[in-house]
Amino acid sequence: MIQNREKFLEKIATSLNRPFSPTQKPVRNWQHKPEEKKLSHLSIDELMSAFVEQCGRLNNTNVVEVSSGDVKKAVDEAVKQHGGESVALWNDERFRALGLDELYENEWADEGLRVHVWDSNLSRTENFERTNDSNIGIVFAEYALAESGTVVLYSAEGQGKAVGLLPNAFIAIVKKSTLRPRITQAVQEMEREFVEAGKTLPAAVDFVSGPSNSADIEMDLVVGVHGPIYATYIVVSDQ
């Protein structure tokens, strides 16, 4: 049992010149919102520079900026750089819109790469097993955050979150126009996109900042302990 709880809270409310009621919800009356201002003055090209600079501070994270006509080549090169072997990717129309289906339906198969496209007709377990056996996962990011070198991923039908979390290497395709200063602006966009529009939120929203990192044990940094070891962000400049 909490002793003198209401007396304590009343004293705080009095100090802040606020009325006190034990059943009243707190009033949000924040006059200063620095989180909405940081980096918000930057142009899209300046955000791109900040994003690249921050990714340079992350372990094993590479950023490639290309035009839409060069995405296929950039993805193929990234897959080869990460060792090829096997690839998992989303069942996403955006791959076909950029002509990437030519890679995973024809060229990679001819080169001996195993390809798993997330299949909603398979069981969750089978999709996870095939993805876990893949060396590389390829997804699309909804937003990229300049401050932290983060990409934002939505899970949906055909877009299993495991593709960005289980393989050894992770490739995210990002539209340059979706660069945002920081998490504040991305969440505001999502609120407009889903909450204000009355749409259902994605099954999961993942904020991924480069490869998996952990220093929980004796402050020794380990990369890839619970996720990818390598990350490549392919930023499409004219999409």
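I take helices here as DSSP runs of H or I with at least four residues, numbered from the N terminus. By that count, Q54 sits in helix α2. The model I am reading is a predicted one.

**Entry 1**

I looked up Q54 first. Is Q54 buried or exposed? Its relative accessibility is 17%, and the cut-off for buried is under 20%, so Q54 counts as buried. I then listed what Q54 touches, leaving out residues up to four places away in sequence: A146, E147, S148 and G149.

**Entry 1: the six-stranded sheet**

I traced an open sheet of six strands in the order β1-β12-β7-β4-β2-β3, and the pairing is parallel. Which strands stand at the edges? They are β1 (61-66) and β3; each has a single partner strand, so one side of each is left without a neighbour in the sheet. Direction ignored, neighbouring strands of this sheet are turned by 20° against each other on average.

Helix α2, residues 44-55, packs on this sheet and touches β1 and β12. I noted about 155° between the direction of α2 and that of β1.

Next I went through the partners of β12. β1 and β12 run parallel and are joined by six bridges. In this pairing N62 stands opposite T232 of β12. On the β7 side, β7 (residues 169-175) pairs with β12 (residues 230-236) over seven bridges, again in the parallel sense. I picked out two positions facing β12: F170 is opposite A231, and V174 is opposite V235.

How many of the seven residues of β12 are buried? I found six, so β12 is largely enclosed by the rest of the structure.

H116 lies in β3, which covers residues 114-117.

**Entry 2: α3 against α5**

I looked at how α3 (residues 71-81) packs with α5 (residues 101-110). The angle is about 45° and the axes are 11 Å apart. The two helices are therefore oblique to each other. The crossing of α3 past α5 is right-handed.

Which residues meet? From α3 I listed K72, V75, D76, V79 and K80, and from α5 E102, L103, E107 and W108. By class, this contact has four nonpolar, five charged and no polar residues. An α-helix has 3.6 residues a turn, so residues three or four places apart point the same way.

I also checked which residues of α5 are buried, and they are D101, L103, Y104 and W108. The cover over these buried residues includes α3, β2, α4 (93-97), β3 and β4 (136-140).

**Entry 3: positive phi values**

G112 follows α5, and its phi is near 90°.

N60 is in the loop between α2 and β1. With a relative accessibility of 37%, N60 counts as partly exposed. E85 is in the loop between α3 and β2 (86-89). Is E85 buried or exposed? Its relative accessibility is 56%, so E85 counts as exposed.

**Entry 4: the four-stranded sheet**

I found a further open sheet of four strands, ordered β8-β5-β6-β9, with mixed pairing. Its edge strands are β8 (179-180) and β9 (204-208), and each pairs on one side only. β5 (residues 143-145) and β8 run parallel and are joined by two bridges. Here L145 stands opposite R180 of β8.

Which helix packs on this sheet? It is α7, residues 183-195, touching β5, β6 (150-155), β8 and β9. The direction of α7 makes about 160° with that of β5.

Definitions and conventions: Residues numbered from 1 in each chain as written. Predicted model: local features only at pLDDT ≥ 70, side-chain atom pairs only at ≥ 80, totals over all residues. Heavy atoms only, no water. Axes fitted to C-alpha atoms, helices over the stretch in contact; angles between N-to-C directions. Parallel < 35°, antiparallel > 145°, perpendicular 65-115°, else oblique. Left-handed = near helix turned anticlockwise from the far one by under 90°. Contact = heavy atoms within 4.5 Å. Nonpolar A, V, L, I, M, F, W, Y, C, P; charged D, E, K, R; others polar. Pairing = 2+ DSSP bridges. Buried < 20%, exposed > 50% of the residue type's maximum accessible area, 1.4 Å probe, protein only.
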